[in-house]
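Work through the exercises below with the sequence and the model side by side. Try each task before you read its solution.

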Amino acid sequence: MTDDWLERLRRDHPEKLRPLDEIFARIRRGQRIFIGTGCGEPQFLARSLAEYAREHPKAIFDAELFRLNAFFVGDGARDAVNRGLADYTPVFLSQVPDLFRRGLVPVDVALIQTTPPDEHGYVNLGISVDIVRAAVESAAIVVAQVNENMPWLDGDGSIPLSRID
């Protein structure tokens with residue numbers, strides 16, 4: 001299965017496969033970076049971006065990702081918020097897509113995790129549609145980490161490959 005979708009992508013959309021340095025070089029100072037949520041977090045992309053930032057500290061200095069803005073204060077963010085190292089925006093999760101779409105919480109770059117593309121040129125957000133769909137619709141740059149184990153789910157989680165940079 002891997003070879004089928006990957007070979008099809010290489011053949012039909014070679015521009016979609018880029019080295020990480022080239023991808024992250026498109027992120028500019030001060031941009032706001034959204035990272036997919038929960039079980040849909042693109043962990044490889046998040047680690048790679050952090051590594052890129054360590055190696056190129058001035059490249060994406062002051063990007064909002066590195067100043068966490070949490071919509072929910074769980075165990076992972078509570079200490080940082082309490083110490084003033086992160087921000088907390090009290091909002092219902094159901095309100096976040098509208099904040100993205102109206103530009104009240106701007107999203108410049110979205111790092112997401114998807115299924116492999118299907119034969120029709122779509123990927124699927126699988127188990128993590130929640131606010132990710134609105135982030136994808138709002139972001140100027142969308143970077144996808146493909147996960148062959150992400151299930152394809154019915155509903156509003158399909159995205160045309162043309163939307164992925």
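**Exercise 1. Find which residues of the largest nonpolar core touch the most other members.**

Solution. Start with the term: a nonpolar core is a set of buried Ala, Val, Leu, Ile, Met, Phe, Trp, Tyr and Cys residues joined through side-chain atoms within 4.5 Å. Buried means under 20% relative accessible area, exposed over 50%, and partly exposed in between, with a 1.4 Å probe and protein chains only. The largest core has 25 residues, and F34, F100 and I112 touch the most other members. Next, look at the elements: α1 (2–12), α5 (96–101), β4 (109–114) and α6 (132–138) each supply at least two residues of this core. The largest share is four residues, from α6. Helices (H or I, at least four residues) and strands (E, at least two) are DSSP runs, numbered from the N terminus. Another core lies apart from this one; it has 15 residues, among them I23, F24, Y52 and V109.

The model is predicted: local features need pLDDT of at least 70, side-chain atom pairs count only at pLDDT 80 or more, and totals for chains, interfaces and linings use all residues. Residues are numbered from 1 along each chain as its sequence is written, and side-chain values use heavy atoms, with hydrogens and water left out.

**Exercise 2. List what F100 is in contact with, leaving aside its neighbours within four places in sequence.**

Solution. Contact means heavy atoms within 4.5 Å. F100 is in contact with F34, F71, V105, V107, I131, A134, A135 and S138. Now take F34 from that list. Both F34 and F100 are buried. Their ring centres are 5.7 Å apart and their planes stand at 80°, so the pair is edge-to-face. Here is the rule: rings of Phe, Tyr and Trp (its six-membered ring) pair if their centres lie within 6.5 Å; planes under 30 degrees apart count as stacked, over 60 as edge-to-face and the rest as tilted. F34 lies in strand β1 and F100 in helix α5, so the pair ties together parts that are 66 residues apart in sequence. The structure holds three aromatic pairs.

**Exercise 3. Describe the lining of the largest pocket.**

Solution. On a 1 Å grid over the protein atoms alone, a pocket is an open set of points where a 1.4 Å probe fits, with protein on both sides within 12 Å along at least five of seven lines; lining residues have an atom within 4 Å of a point. The largest pocket has a volume of about 680 Å³. It is lined by 27 residues, and I35, L68, N69, A70 and F71 are the closest to its centre. β1 (33–35), β2 (69–70) and α4 (75–82) each supply at least two lining residues. The largest share, three residues, comes from β1.

Note on methods. Grid points are joined across faces, edges and corners, and a volume is the space filled by probe spheres set on the points.
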